[in-house]
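Visitor: Please show me how to read the features of a chain like this one.

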Amino acid sequence: MFRRREPVPFAFLAEADRFRSNVTPPPRQRGSFGEIAGRWLLGLALVAGLVGALILGMPALSTPSGTPVQQSQASQGH
């Protein structure tokens with residue numbers, strides 16, 4: 001196949017990754033005390049909810065060790 005020698009209409013997009021601006025963005029503003037405390041409280045509430053769900057769900061996931069497991073007659077082959 002022959003390549004075209006004419007310019008591509010959007011050739012500047014191919015060169016966009018090589019472009020570097022000399023304008024630096026402004027520095028990020030630090031959050032206020034209320035915003036930081038709110039983020040910490042939200043994170044703490046999420047972690048506490050996951051831990052609470054795990055603690056409440058553990059009895060349902062464990063099998064009782066004191067009582068023998070009952071088997072149906074169908075599993076014994078009768």
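Guide: V51 lies in helix α2, residues 33–61; helices are DSSP runs of H or I with at least four residues, strands runs of E with at least two, numbered from the N terminus. This is a predicted model, where local features need pLDDT of at least 70, side-chain atom pairs count only at pLDDT 80 or more, and totals for chains, interfaces and linings use all residues. Residues are numbered from 1 along each chain as its sequence is written, and side-chain values use heavy atoms, with hydrogens and water left out.

Visitor: How many helices and strands are in the chain?

Guide: The chain has 3 helices and 0 strands.

Visitor: What span does α2 reach from its first C-alpha to its last?

Guide: The expected span is 1.5 Å times one less than the number of residues. With 29 residues, α2 reaches 41 Å, close to the expected 42 Å.

Visitor: Where is confidence lowest and where highest?

Guide: pLDDT is the predictor's confidence in each residue, from 0 to 100. Confidence is lowest in helix α1 (residues 11–14), at a mean of 60, and highest in α2, at 94. Where pLDDT is low, the predicted coordinates should not be read in detail. The chain averages 78, and 58% of the residues score at least 70.

Visitor: Is V51 buried, partly exposed or exposed?

Guide: Buried means under 20% relative accessible area, exposed over 50%, and partly exposed in between (1.4 Å probe, protein chains only). V51 has 42%, so V51 is partly exposed. Among the 29 residues of α2, the count of buried residues is 0.
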